[in-house]
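Here are some notes from going through the model you sent over. Have it open alongside as you read.

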Amino acid sequence: MPNYFADNDDLRFLFDHLDLAALAEVQEDGFAATEDPGREYAPKDAADAIDNYRRILTIVGDVAGNHIAPRAEQVDRQGNTLNEDGTVTLGEGVRENLKALAQADLMGFTLPRKYGGLNCPNLIYTMAIEMVSRADASLMNIFGLQGIAETINAFADDATREEYLPRFADGELTGAMVLTEPDAGSDLQAVSLRAWQDDDGQWRLNGVKRFITNGCGEILLTLARSEPDVRDGRGLSLFLAERSPRIRVRHLEEKLGIHGSPTCELVYDDAPARLIGERQLGLIRYVMSLMNGARVGIAAQSLGIAEAAFRVARDYAHKRKQFGVPIERLPAVAEMVTSMRLAIEGTRALVYETSRVCDLENNNLRVLEFNPPADKAELKRRKNDSRMYKRLNGMLTPMSKYYASEMCVRVANDALQVLGGSGYMTDYPVERYLRDARITTIYEGTSQLQIVAAVRGVCSGAFERRIAEFEERECTDPELGELKRHLDQGKELVLKGVARVKEEGPAYMDLYGRLLVEAAASVLIGHLLLEQAGASERKRHVARRFITAGLPTVRRDIELVCSGDKSVVEQYEVLAGPPVPVP
(Lines give C-alpha, C1' and ligand atoms only; values in the text may rest on other atoms or scores of the structure.)
Protein backbone atom coordinates (compact mmCIF):
# COMPACT_ATOMS: atom_id res chain seq x y z
CA MET A 1 0.00 0.00 0.00
CA PRO A 2 1.68 3.25 -1.12
CA ASN A 3 2.31 6.01 1.38
CA TYR A 4 3.41 9.26 -0.26
CA PHE A 5 5.36 10.31 2.81
CA ALA A 6 7.07 7.01 3.57
CA ASP A 7 8.08 6.39 -0.05
CA ASN A 8 9.64 9.83 -0.66
CA ASP A 9 13.24 9.66 0.57
CA ASP A 10 13.99 13.31 -0.15
CA LEU A 11 10.90 14.61 1.62
CA ARG A 12 11.70 12.52 4.68
CA PHE A 13 15.35 13.61 4.54
CA LEU A 14 14.30 17.27 4.62
CA PHE A 15 11.85 16.57 7.44
CA ASP A 16 14.81 15.33 9.50
CA HIS A 17 17.31 17.89 8.15
CA LEU A 18 15.36 21.12 8.68
CA ASP A 19 15.23 22.70 12.12
CA LEU A 20 11.63 21.86 12.97
CA ALA A 21 12.32 22.21 16.69
CA ALA A 22 12.88 25.95 16.33
CA LEU A 23 9.64 26.36 14.40
CA ALA A 24 7.70 24.24 16.89
CA GLU A 25 9.04 26.28 19.81
CA VAL A 26 7.41 29.48 18.53
CA GLN A 27 4.40 27.78 16.93
CA GLU A 28 3.51 26.29 20.33
CA ASP A 29 4.24 29.49 22.32
CA GLY A 30 7.21 27.92 24.04
CA PHE A 31 5.06 24.93 25.10
CA ALA A 32 3.63 27.01 27.91
CA ALA A 33 0.71 25.51 29.80
CA THR A 34 -2.56 27.38 29.22
CA GLU A 35 -6.26 26.76 29.66
CA ASP A 36 -7.09 27.48 26.01
CA PRO A 37 -9.57 25.06 24.41
CA GLY A 38 -7.73 22.22 22.69
CA ARG A 39 -4.57 22.78 24.70
CA GLU A 40 -4.84 19.25 26.09
CA TYR A 41 -3.84 17.99 22.63
CA ALA A 42 -0.78 20.22 22.39
CA PRO A 43 2.74 18.71 22.44
CA LYS A 44 4.71 18.99 25.65
CA ASP A 45 8.07 19.78 24.01
CA ALA A 46 9.84 20.05 20.64
CA ALA A 47 10.43 16.30 20.32
CA ASP A 48 6.74 15.66 20.94
CA ALA A 49 5.78 18.31 18.35
CA ILE A 50 8.07 16.84 15.69
CA ASP A 51 6.71 13.37 16.37
CA ASN A 52 3.21 14.79 15.95
CA TYR A 53 4.15 16.41 12.63
CA ARG A 54 5.57 13.09 11.44
CA ARG A 55 2.36 11.27 12.37
CA ILE A 56 0.24 13.88 10.59
CA LEU A 57 2.33 13.67 7.41
CA THR A 58 2.18 9.89 7.52
CA ILE A 59 -1.61 10.12 7.60
CA VAL A 60 -1.56 12.58 4.68
CA GLY A 61 0.73 10.21 2.78
CA ASP A 62 -1.66 7.32 3.39
CA VAL A 63 -4.76 9.25 2.30
CA ALA A 64 -2.94 10.59 -0.77
CA GLY A 65 -1.54 7.25 -1.87
CA ASN A 66 -4.44 4.95 -1.07
CA HIS A 67 -7.55 7.10 -1.47
CA ILE A 68 -6.87 10.14 -3.65
CA ALA A 69 -4.45 8.80 -6.26
CA PRO A 70 -6.60 5.79 -7.27
CA ARG A 71 -9.49 8.16 -8.08
CA ALA A 72 -7.42 10.73 -10.01
CA GLU A 73 -8.19 9.41 -13.49
CA GLN A 74 -11.92 9.17 -12.71
CA VAL A 75 -11.89 12.72 -11.35
CA ASP A 76 -10.11 14.00 -14.47
CA ARG A 77 -12.61 12.34 -16.80
CA GLN A 78 -15.78 13.16 -14.86
CA GLY A 79 -15.22 16.80 -13.91
CA ASN A 80 -18.03 18.72 -12.18
CA THR A 81 -21.59 19.66 -13.13
CA LEU A 82 -23.26 23.07 -13.35
CA ASN A 83 -26.90 22.90 -12.27
CA GLU A 84 -29.78 25.01 -13.61
CA ASP A 85 -30.11 26.89 -10.32
CA GLY A 86 -26.54 28.22 -10.54
CA THR A 87 -25.03 25.72 -8.12
CA VAL A 88 -22.33 23.14 -8.84
CA THR A 89 -22.29 19.44 -8.06
CA LEU A 90 -18.76 18.21 -7.48
CA GLY A 91 -17.75 14.95 -9.12
CA GLU A 92 -18.18 11.81 -7.05
CA GLY A 93 -14.42 11.29 -6.72
CA VAL A 94 -13.89 14.86 -5.53
CA ARG A 95 -16.61 14.47 -2.89
CA GLU A 96 -15.12 11.20 -1.67
CA ASN A 97 -11.63 12.72 -1.50
CA LEU A 98 -12.82 15.69 0.56
CA LYS A 99 -14.69 13.31 2.85
CA ALA A 100 -11.53 11.25 3.38
CA LEU A 101 -9.49 14.36 4.21
CA ALA A 102 -12.14 15.61 6.63
CA GLN A 103 -12.41 12.22 8.35
CA ALA A 104 -8.64 12.32 8.86
CA ASP A 105 -8.97 15.81 10.45
CA LEU A 106 -6.75 17.39 7.79
CA MET A 107 -8.91 20.36 6.77
CA GLY A 108 -7.74 22.70 9.53
CA PHE A 109 -4.03 22.21 9.02
CA THR A 110 -2.71 25.53 10.27
CA LEU A 111 -5.66 26.69 12.37
CA PRO A 112 -5.28 26.98 16.16
CA ARG A 113 -6.45 24.01 18.22
CA LYS A 114 -9.18 26.04 19.89
CA TYR A 115 -10.99 26.00 16.55
CA GLY A 116 -10.33 22.29 15.97
CA GLY A 117 -7.21 22.84 13.89
CA LEU A 118 -3.86 21.03 13.94
CA ASN A 119 -1.78 24.19 14.56
CA CYS A 120 0.93 23.04 12.12
CA PRO A 121 3.60 25.37 10.74
CA ASN A 122 3.25 26.31 7.08
CA LEU A 123 6.33 24.23 6.31
CA ILE A 124 4.47 21.05 7.36
CA TYR A 125 1.41 22.20 5.40
CA THR A 126 3.62 22.71 2.34
CA MET A 127 4.82 19.12 2.62
CA ALA A 128 1.19 17.96 2.84
CA ILE A 129 0.19 20.02 -0.20
CA GLU A 130 2.99 18.43 -2.21
CA MET A 131 1.75 14.93 -1.36
CA VAL A 132 -1.90 15.72 -2.14
CA SER A 133 -0.84 17.32 -5.43
CA ARG A 134 1.21 14.28 -6.37
CA ALA A 135 -1.95 12.21 -5.94
CA ASP A 136 -4.29 14.64 -7.74
CA ALA A 137 -3.25 18.19 -8.54
CA SER A 138 -6.86 19.32 -8.97
CA LEU A 139 -7.77 18.36 -5.40
CA MET A 140 -5.01 20.58 -4.08
CA ASN A 141 -7.04 23.54 -5.41
CA ILE A 142 -9.61 22.82 -2.70
CA PHE A 143 -7.38 21.31 0.02
CA GLY A 144 -4.78 24.03 -0.57
CA LEU A 145 -7.26 26.85 -0.08
CA GLN A 146 -7.03 26.60 3.69
CA GLY A 147 -5.45 30.05 3.46
CA ILE A 148 -9.06 31.30 3.34
CA ALA A 149 -9.50 30.16 6.93
CA GLU A 150 -6.06 31.54 7.85
CA THR A 151 -7.07 34.96 6.52
CA ILE A 152 -10.29 34.90 8.56
CA ASN A 153 -8.27 33.92 11.62
CA ALA A 154 -5.73 36.70 11.04
CA PHE A 155 -8.00 39.61 10.16
CA ALA A 156 -11.66 38.95 11.05
CA ASP A 157 -13.33 39.76 14.36
CA ASP A 158 -13.81 37.20 17.13
CA ALA A 159 -17.45 36.53 16.28
CA THR A 160 -16.61 35.71 12.68
CA ARG A 161 -13.77 33.43 13.76
CA GLU A 162 -15.99 31.56 16.19
CA GLU A 163 -18.74 31.17 13.61
CA TYR A 164 -16.69 29.88 10.70
CA LEU A 165 -13.32 28.45 11.69
CA PRO A 166 -14.53 25.30 13.51
CA ARG A 167 -16.62 24.49 10.44
CA PHE A 168 -13.58 24.89 8.20
CA ALA A 169 -11.55 22.61 10.46
CA ASP A 170 -14.12 19.79 10.41
CA GLY A 171 -14.47 19.97 6.61
CA GLU A 172 -18.03 21.33 6.60
CA LEU A 173 -16.94 24.47 4.73
CA THR A 174 -14.61 25.09 1.81
CA GLY A 175 -13.70 28.52 0.50
CA ALA A 176 -12.56 30.53 -2.47
CA MET A 177 -10.40 33.58 -3.13
CA VAL A 178 -12.71 35.71 -5.28
CA LEU A 179 -10.41 38.26 -6.87
CA THR A 180 -10.28 38.09 -10.66
CA GLU A 181 -12.75 39.86 -12.96
CA PRO A 182 -13.18 39.87 -16.75
CA ASP A 183 -11.23 43.16 -16.94
CA ALA A 184 -9.08 42.73 -13.83
CA GLY A 185 -6.80 39.72 -13.99
CA SER A 186 -3.22 40.47 -13.06
CA ASP A 187 -4.13 44.12 -12.42
CA LEU A 188 -6.22 43.72 -9.28
CA GLN A 189 -6.26 47.48 -8.73
CA ALA A 190 -8.81 47.55 -11.56
CA VAL A 191 -11.36 45.44 -9.63
CA SER A 192 -14.81 47.01 -10.05
CA LEU A 193 -17.26 44.64 -8.32
CA ARG A 194 -19.31 47.03 -6.20
CA ALA A 195 -19.65 46.92 -2.43
CA TRP A 196 -22.34 49.12 -0.92
CA GLN A 197 -24.32 49.43 2.31
CA ASP A 198 -28.12 49.37 2.46
CA ASP A 199 -30.24 51.44 4.85
CA ASP A 200 -29.63 48.94 7.63
CA GLY A 201 -25.87 49.14 7.22
CA GLN A 202 -25.69 45.69 5.63
CA TRP A 203 -22.87 45.37 3.10
CA ARG A 204 -23.95 44.04 -0.32
CA LEU A 205 -21.95 42.98 -3.35
CA ASN A 206 -22.92 43.42 -6.99
CA GLY A 207 -21.00 42.42 -10.12
CA VAL A 208 -19.17 39.59 -11.87
CA LYS A 209 -16.06 37.59 -11.01
CA ARG A 210 -14.28 35.20 -13.36
CA PHE A 211 -11.76 32.32 -13.21
CA ILE A 212 -12.59 31.64 -9.56
CA THR A 213 -11.09 28.39 -8.31
CA ASN A 214 -13.68 26.54 -6.20
CA GLY A 215 -16.06 29.44 -6.73
CA CYS A 216 -18.85 27.07 -5.75
CA GLY A 217 -17.42 26.83 -2.23
CA GLU A 218 -19.47 27.84 0.78
CA ILE A 219 -17.35 30.84 1.84
CA LEU A 220 -16.25 33.42 -0.71
CA LEU A 221 -13.58 35.92 0.36
CA THR A 222 -14.35 38.65 -2.14
CA LEU A 223 -12.32 41.70 -3.15
CA ALA A 224 -14.69 44.56 -3.96
CA ARG A 225 -14.68 48.32 -4.46
CA SER A 226 -16.09 49.90 -1.32
CA GLU A 227 -14.91 53.43 -2.16
CA PRO A 228 -16.37 54.30 -5.60
CA ASP A 229 -14.44 57.57 -5.81
CA VAL A 230 -11.05 55.89 -5.24
CA ARG A 231 -10.04 54.08 -8.43
CA ASP A 232 -6.80 52.40 -7.33
CA GLY A 233 -6.10 49.69 -4.77
CA ARG A 234 -6.92 51.99 -1.86
CA GLY A 235 -10.59 51.81 -2.83
CA LEU A 236 -10.83 48.05 -2.30
CA SER A 237 -11.97 46.13 0.76
CA LEU A 238 -12.26 42.44 1.57
CA PHE A 239 -15.62 40.82 2.28
CA LEU A 240 -16.88 37.43 3.42
CA ALA A 241 -19.92 36.28 1.48
CA GLU A 242 -21.70 32.98 2.02
CA ARG A 243 -22.98 30.98 -0.92
CA SER A 244 -26.65 31.86 -1.44
CA PRO A 245 -29.26 32.27 -4.20
CA ARG A 246 -27.90 35.81 -4.65
CA ILE A 247 -24.56 34.40 -5.79
CA ARG A 248 -24.83 32.01 -8.69
CA VAL A 249 -22.35 30.26 -10.91
CA ARG A 250 -23.09 31.45 -14.42
CA HIS A 251 -20.46 29.35 -16.14
CA LEU A 252 -18.05 26.48 -15.43
CA GLU A 253 -14.87 26.86 -17.46
CA GLU A 254 -13.85 24.10 -19.87
CA LYS A 255 -10.12 23.70 -19.22
CA LEU A 256 -6.98 21.98 -20.47
CA GLY A 257 -6.33 20.35 -17.10
CA ILE A 258 -7.14 20.19 -13.35
CA HIS A 259 -10.63 19.00 -14.32
CA GLY A 260 -11.56 18.07 -10.76
CA SER A 261 -11.16 21.70 -9.68
CA PRO A 262 -14.26 23.79 -10.54
CA THR A 263 -13.33 27.14 -12.10
CA CYS A 264 -16.36 29.41 -11.97
CA GLU A 265 -17.77 32.64 -13.29
CA LEU A 266 -19.81 34.17 -10.47
CA VAL A 267 -22.63 36.71 -10.56
CA TYR A 268 -23.30 38.68 -7.36
CA ASP A 269 -26.82 40.11 -7.17
CA ASP A 270 -26.68 42.47 -4.19
CA ALA A 271 -25.45 39.52 -2.11
CA PRO A 272 -25.13 40.16 1.64
CA ALA A 273 -21.58 40.18 2.97
CA ARG A 274 -19.57 41.16 6.01
CA LEU A 275 -16.45 43.31 6.03
CA ILE A 276 -13.18 41.60 6.96
CA GLY A 277 -10.83 43.88 8.87
CA GLU A 278 -10.79 47.54 7.90
CA ARG A 279 -12.09 49.30 4.81
CA GLN A 280 -9.60 50.10 2.05
CA LEU A 281 -7.05 47.49 3.20
CA GLY A 282 -8.53 44.66 1.12
CA LEU A 283 -5.83 44.58 -1.54
CA ILE A 284 -3.05 46.47 0.16
CA ARG A 285 -2.86 44.21 3.21
CA TYR A 286 -5.25 41.27 3.31
CA VAL A 287 -5.21 39.98 -0.27
CA MET A 288 -1.45 40.40 -0.58
CA SER A 289 -1.03 38.26 2.54
CA LEU A 290 -3.49 35.70 1.18
CA MET A 291 -1.83 35.56 -2.22
CA ASN A 292 1.65 35.15 -0.79
CA GLY A 293 0.50 32.02 1.00
CA ALA A 294 -1.31 30.82 -2.12
CA ARG A 295 1.83 31.28 -4.21
CA VAL A 296 3.84 29.04 -1.90
CA GLY A 297 0.96 26.58 -2.21
CA ILE A 298 1.25 26.59 -6.01
CA ALA A 299 4.99 26.01 -5.67
CA ALA A 300 4.22 22.94 -3.53
CA GLN A 301 1.57 21.82 -6.04
CA SER A 302 4.20 22.09 -8.76
CA LEU A 303 6.53 19.86 -6.74
CA GLY A 304 3.81 17.25 -6.38
CA ILE A 305 3.00 17.14 -10.09
CA ALA A 306 6.69 16.97 -11.01
CA GLU A 307 7.31 14.17 -8.50
CA ALA A 308 4.43 12.15 -9.92
CA ALA A 309 5.61 12.67 -13.51
CA PHE A 310 9.21 11.81 -12.69
CA ARG A 311 8.25 8.55 -11.00
CA VAL A 312 6.36 7.32 -14.04
CA ALA A 313 9.27 8.27 -16.31
CA ARG A 314 11.86 6.67 -14.02
CA ASP A 315 9.92 3.40 -13.86
CA TYR A 316 9.28 3.35 -17.60
CA ALA A 317 12.93 4.05 -18.44
CA HIS A 318 13.93 1.13 -16.25
CA LYS A 319 11.45 -1.36 -17.74
CA ARG A 320 11.24 -0.33 -21.39
CA LYS A 321 13.83 -2.05 -23.59
CA GLN A 322 15.04 -0.85 -26.96
CA PHE A 323 18.11 -2.01 -28.88
CA GLY A 324 18.38 -4.85 -26.35
CA VAL A 325 18.79 -2.68 -23.23
CA PRO A 326 16.57 -0.65 -20.89
CA ILE A 327 16.29 2.84 -22.33
CA GLU A 328 17.75 4.27 -19.09
CA ARG A 329 21.08 2.88 -20.35
CA LEU A 330 20.92 5.22 -23.33
CA PRO A 331 22.92 8.34 -22.37
CA ALA A 332 20.37 10.80 -23.79
CA VAL A 333 17.59 9.26 -21.71
CA ALA A 334 19.78 8.89 -18.62
CA GLU A 335 20.70 12.58 -18.79
CA MET A 336 17.03 13.57 -19.09
CA VAL A 337 15.88 11.42 -16.16
CA THR A 338 18.78 12.56 -13.96
CA SER A 339 18.12 16.21 -14.73
CA MET A 340 14.46 15.76 -13.78
CA ARG A 341 15.37 14.33 -10.38
CA LEU A 342 17.94 17.03 -9.65
CA ALA A 343 15.53 19.77 -10.71
CA ILE A 344 12.88 18.45 -8.32
CA GLU A 345 15.29 18.14 -5.36
CA GLY A 346 16.77 21.58 -5.96
CA THR A 347 13.34 23.16 -6.24
CA ARG A 348 12.12 21.33 -3.14
CA ALA A 349 15.03 22.80 -1.19
CA LEU A 350 14.04 26.31 -2.34
CA VAL A 351 10.31 25.91 -1.68
CA TYR A 352 10.79 24.42 1.77
CA GLU A 353 13.29 27.15 2.66
CA THR A 354 10.68 29.71 1.58
CA SER A 355 8.04 28.03 3.76
CA ARG A 356 10.44 28.00 6.69
CA VAL A 357 11.12 31.72 6.36
CA CYS A 358 7.37 32.39 6.04
CA ASP A 359 6.88 30.61 9.36
CA LEU A 360 9.63 32.67 10.96
CA GLU A 361 8.06 35.90 9.72
CA ASN A 362 4.50 34.96 10.70
CA ASN A 363 5.44 33.69 14.15
CA ASN A 364 7.62 36.70 14.84
CA LEU A 365 4.74 39.02 13.92
CA ARG A 366 2.42 37.02 16.18
CA VAL A 367 4.79 37.45 19.11
CA LEU A 368 5.08 41.20 18.49
CA GLU A 369 1.31 41.61 18.29
CA PHE A 370 0.14 39.40 21.15
CA ASN A 371 3.12 38.93 23.47
CA PRO A 372 5.73 41.64 22.83
CA PRO A 373 8.93 41.29 24.91
CA ALA A 374 9.23 43.61 27.89
CA ASP A 375 12.98 43.87 27.38
CA LYS A 376 13.68 46.77 25.03
CA ALA A 377 16.70 45.13 23.41
CA GLU A 378 14.73 41.96 22.69
CA LEU A 379 11.83 44.01 21.33
CA LYS A 380 14.18 45.90 19.03
CA ARG A 381 15.75 42.65 17.83
CA ARG A 382 12.35 41.17 16.99
CA LYS A 383 11.33 44.29 15.07
CA ASN A 384 14.57 44.14 13.10
CA ASP A 385 13.94 40.45 12.40
CA SER A 386 10.46 41.28 11.12
CA ARG A 387 11.85 43.73 8.60
CA MET A 388 14.52 41.24 7.54
CA TYR A 389 12.03 38.36 7.09
CA LYS A 390 9.65 40.59 5.16
CA ARG A 391 12.35 41.64 2.70
CA LEU A 392 13.58 38.06 2.32
CA ASN A 393 10.08 36.72 1.75
CA GLY A 394 9.47 39.50 -0.75
CA MET A 395 12.13 37.81 -2.86
CA LEU A 396 11.71 34.13 -1.95
CA THR A 397 7.94 33.79 -2.40
CA PRO A 398 7.71 34.96 -6.02
CA MET A 399 11.04 33.27 -6.81
CA SER A 400 9.75 29.94 -5.51
CA LYS A 401 6.44 30.19 -7.34
CA TYR A 402 8.18 31.06 -10.60
CA TYR A 403 10.98 28.54 -10.31
CA ALA A 404 8.80 25.63 -9.16
CA SER A 405 6.03 26.13 -11.71
CA GLU A 406 8.42 26.44 -14.65
CA MET A 407 10.30 23.36 -13.41
CA CYS A 408 7.02 21.47 -13.12
CA VAL A 409 6.06 22.09 -16.76
CA ARG A 410 9.55 21.16 -17.92
CA VAL A 411 9.65 17.91 -15.91
CA ALA A 412 6.15 16.87 -16.97
CA ASN A 413 7.05 17.56 -20.60
CA ASP A 414 10.28 15.56 -20.32
CA ALA A 415 8.44 12.70 -18.62
CA LEU A 416 6.12 12.46 -21.59
CA GLN A 417 9.16 12.48 -23.88
CA VAL A 418 10.74 9.58 -21.98
CA LEU A 419 7.59 7.54 -22.58
CA GLY A 420 7.51 8.55 -26.24
CA GLY A 421 4.30 7.65 -28.06
CA SER A 422 2.97 5.85 -24.99
CA GLY A 423 3.24 9.08 -23.00
CA TYR A 424 1.03 10.88 -25.51
CA MET A 425 -1.73 8.33 -24.96
CA THR A 426 -4.11 8.21 -22.03
CA ASP A 427 -2.85 4.73 -21.12
CA TYR A 428 -0.33 6.49 -18.86
CA PRO A 429 -1.02 9.47 -16.57
CA VAL A 430 1.84 11.65 -17.83
CA GLU A 431 -0.35 13.41 -20.40
CA ARG A 432 -2.62 14.40 -17.48
CA TYR A 433 0.38 15.57 -15.48
CA LEU A 434 1.46 17.79 -18.36
CA ARG A 435 -2.05 19.20 -18.75
CA ASP A 436 -2.31 19.83 -15.00
CA ALA A 437 1.18 21.34 -14.85
CA ARG A 438 0.49 24.03 -17.41
CA ILE A 439 -1.75 26.15 -15.18
CA THR A 440 0.87 26.48 -12.44
CA THR A 441 2.77 29.13 -14.40
CA ILE A 442 -0.42 31.17 -14.80
CA TYR A 443 -2.67 31.28 -11.76
CA GLU A 444 -1.86 33.16 -8.55
CA GLY A 445 0.24 35.47 -10.72
CA THR A 446 1.89 34.54 -14.00
CA SER A 447 5.57 33.69 -14.19
CA GLN A 448 6.21 37.10 -15.70
CA LEU A 449 4.65 38.85 -12.70
CA GLN A 450 6.60 36.67 -10.27
CA ILE A 451 9.83 37.66 -12.03
CA VAL A 452 9.00 41.36 -11.72
CA ALA A 453 8.52 40.91 -7.97
CA ALA A 454 11.47 38.57 -7.39
CA VAL A 455 14.03 40.57 -9.37
CA ARG A 456 13.38 43.60 -7.21
CA GLY A 457 14.17 41.48 -4.18
CA VAL A 458 17.36 40.26 -5.81
CA CYS A 459 18.37 43.83 -6.61
CA SER A 460 17.38 45.31 -3.25
CA GLY A 461 20.02 43.41 -1.27
CA ALA A 462 17.91 40.49 0.02
CA PHE A 463 19.82 38.01 -2.15
CA GLU A 464 23.25 39.31 -1.13
CA ARG A 465 22.39 39.29 2.59
CA ARG A 466 21.03 35.73 2.47
CA ILE A 467 24.07 34.43 0.59
CA ALA A 468 26.35 36.19 3.09
CA GLU A 469 24.76 34.10 5.86
CA PHE A 470 25.69 30.92 3.99
CA GLU A 471 29.22 32.17 3.35
CA GLU A 472 29.79 32.87 7.05
CA ARG A 473 29.35 29.18 7.89
CA GLU A 474 32.63 27.33 8.15
CA CYS A 475 33.28 24.51 5.69
CA THR A 476 36.18 22.20 6.50
CA ASP A 477 35.39 19.50 3.94
CA PRO A 478 37.78 19.96 0.95
CA GLU A 479 35.29 18.71 -1.66
CA LEU A 480 32.43 20.84 -0.35
CA GLY A 481 34.80 23.78 0.01
CA GLU A 482 35.59 23.57 -3.69
CA LEU A 483 31.87 23.61 -4.52
CA LYS A 484 31.44 26.58 -2.22
CA ARG A 485 34.08 28.45 -4.23
CA HIS A 486 32.03 27.75 -7.36
CA LEU A 487 29.07 29.35 -5.63
CA ASP A 488 31.22 32.35 -4.68
CA GLN A 489 31.85 32.85 -8.40
CA GLY A 490 28.12 32.53 -9.05
CA LYS A 491 27.32 35.17 -6.45
CA GLU A 492 29.82 37.62 -7.93
CA LEU A 493 28.31 37.07 -11.37
CA VAL A 494 24.79 37.76 -10.04
CA LEU A 495 25.95 40.93 -8.29
CA LYS A 496 27.59 42.02 -11.52
CA GLY A 497 24.24 41.58 -13.24
CA VAL A 498 22.48 43.47 -10.46
CA ALA A 499 24.84 46.41 -10.87
CA ARG A 500 24.21 46.51 -14.62
CA VAL A 501 20.40 46.49 -14.42
CA LYS A 502 20.47 49.17 -11.73
CA GLU A 503 22.66 51.26 -14.00
CA GLU A 504 20.24 50.85 -16.92
CA GLY A 505 17.00 51.39 -14.98
CA PRO A 506 13.65 49.66 -14.24
CA ALA A 507 12.72 48.84 -17.85
CA TYR A 508 16.04 47.05 -18.38
CA MET A 509 15.56 45.25 -15.06
CA ASP A 510 12.22 43.92 -16.29
CA LEU A 511 13.71 42.95 -19.66
CA TYR A 512 16.40 40.77 -18.09
CA GLY A 513 14.60 39.92 -14.86
CA ARG A 514 14.08 36.28 -15.80
CA LEU A 515 17.78 35.60 -16.35
CA LEU A 516 18.76 37.43 -13.19
CA VAL A 517 16.17 35.63 -11.04
CA GLU A 518 17.16 32.22 -12.43
CA ALA A 519 20.84 32.94 -11.79
CA ALA A 520 20.13 34.07 -8.22
CA ALA A 521 17.92 31.02 -7.59
CA SER A 522 20.64 28.73 -8.91
CA VAL A 523 23.18 30.14 -6.45
CA LEU A 524 20.73 30.07 -3.56
CA ILE A 525 19.69 26.47 -4.26
CA GLY A 526 23.35 25.54 -4.60
CA HIS A 527 23.99 26.72 -1.04
CA LEU A 528 20.93 24.87 0.27
CA LEU A 529 22.07 21.65 -1.40
CA LEU A 530 25.58 22.20 -0.09
CA GLU A 531 24.23 22.29 3.45
CA GLN A 532 22.32 19.08 2.79
CA ALA A 533 25.49 17.48 1.40
CA GLY A 534 27.06 17.65 4.83
CA ALA A 535 24.39 15.29 6.13
CA SER A 536 24.08 12.82 3.26
CA GLU A 537 26.52 11.07 0.96
CA ARG A 538 23.96 10.96 -1.83
CA LYS A 539 23.35 14.70 -1.47
CA ARG A 540 27.05 15.25 -2.16
CA HIS A 541 26.49 13.86 -5.65
CA VAL A 542 23.33 15.96 -6.05
CA ALA A 543 25.07 19.15 -4.93
CA ARG A 544 28.10 18.52 -7.13
CA ARG A 545 26.03 17.90 -10.25
CA PHE A 546 23.67 20.84 -9.62
CA ILE A 547 26.42 23.36 -8.88
CA THR A 548 28.93 22.37 -11.56
CA ALA A 549 26.25 22.08 -14.24
CA GLY A 550 24.57 25.30 -13.18
CA LEU A 551 27.55 27.67 -13.03
CA PRO A 552 28.15 27.78 -16.81
CA THR A 553 24.48 28.65 -17.31
CA VAL A 554 24.74 31.45 -14.74
CA ARG A 555 27.84 32.77 -16.50
CA ARG A 556 26.12 32.71 -19.91
CA ASP A 557 22.96 34.41 -18.64
CA ILE A 558 24.78 37.16 -16.75
CA GLU A 559 26.87 37.85 -19.85
CA LEU A 560 23.63 38.54 -21.71
CA VAL A 561 22.29 40.65 -18.83
CA CYS A 562 25.42 42.80 -19.00
CA SER A 563 25.40 43.03 -22.80
CA GLY A 564 23.18 46.11 -22.92
CA ASP A 565 21.17 44.57 -25.76
CA LYS A 566 17.71 46.19 -25.85
CA SER A 567 16.75 45.04 -29.33
CA VAL A 568 13.75 43.04 -28.10
CA VAL A 569 12.13 46.29 -26.97
CA GLU A 570 13.59 48.75 -29.46
CA GLN A 571 12.97 46.53 -32.51
CA TYR A 572 9.87 44.74 -31.30
CA GLU A 573 7.79 45.34 -34.42
CA VAL A 574 10.61 44.13 -36.64
CA LEU A 575 11.52 41.05 -34.59
CA ALA A 576 7.98 40.00 -33.63
CA GLY A 577 6.38 40.98 -36.92
CA PRO A 578 3.02 42.68 -37.35
CA PRO A 579 -0.11 41.25 -35.70
CA VAL A 580 -2.03 38.94 -38.01
CA PRO A 581 -5.83 38.55 -37.82
CA VAL A 582 -6.79 35.26 -36.20
CA PRO A 583 -9.80 33.52 -37.78
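1. Ground rules. This is a predicted model, so local features need pLDDT of at least 70 and side-chain atom pairs count only at pLDDT 80 or more, while totals for chains, interfaces and linings use all residues. Residues are numbered from 1 along each chain as its sequence is written, and side-chain values use heavy atoms, with hydrogens and water left out.

2. Lysine 539. This residue sits in helix H20, which spans residues 537–561 (helices are DSSP runs of H or I, at least four residues, numbered from the N terminus). Lysine 539 is buried at 3% relative accessibility (buried means under 20% relative accessible area with a 1.4 Å probe, protein chains only). Its side chain makes polar contacts with the side chains of aspartate 10 at 2.6 Å and glutamine 532 at 3.0 Å (N or O pairs within 3.5 Å, one able to donate a hydrogen and the other to accept it; residues adjacent in sequence count only if both atoms are side-chain atoms). Lysine 539 also touches Glu345 and Phe13, among others (contact means heavy atoms within 4.5 Å).

3. Arginine 540. Also in H20, arginine 540 counts as buried, with a relative accessible area of 15%. Leaving out residues up to four places away in sequence, arginine 540 touches Asp477, Glu479, Leu480 and Ala533.

4. Second largest pocket. On a 1 Å grid over the protein atoms alone, a pocket is an open set of points with protein on both sides within 12 Å along at least five of seven lines, a cavity is a set where a 1.4 Å probe fits but cannot get out, and lining residues have an atom within 4 Å of a point. This pocket holds about 620 Å³ (the space filled by probe spheres set on points joined across faces, edges and corners). Of its 23 lining residues, Ala343, Tyr403, Arg410, Phe546 and Gly550 lie nearest the centre. The lining splits into 11 nonpolar, five polar and seven charged residues (Ala, Val, Leu, Ile, Met, Phe, Trp, Tyr, Cys and Pro are nonpolar; Asp, Glu, Lys and Arg charged; the others, Gly among them, polar).

5. Cavities. There are three of 30 Å³ or more. The largest has about 100 Å³, with Tyr443 and Glu444 among its lining residues. What is the volume of the second largest cavity? About 80 Å³, and H20 gives the largest share of its lining, five residues. That lining has six nonpolar, five polar and no charged residues.

Methods. Helix = DSSP H or I, 4+ residues; strand = E, 2+ residues; numbered from the N terminus. Buried < 20%, exposed > 50% of the residue type's maximum accessible area, 1.4 Å probe, protein only.
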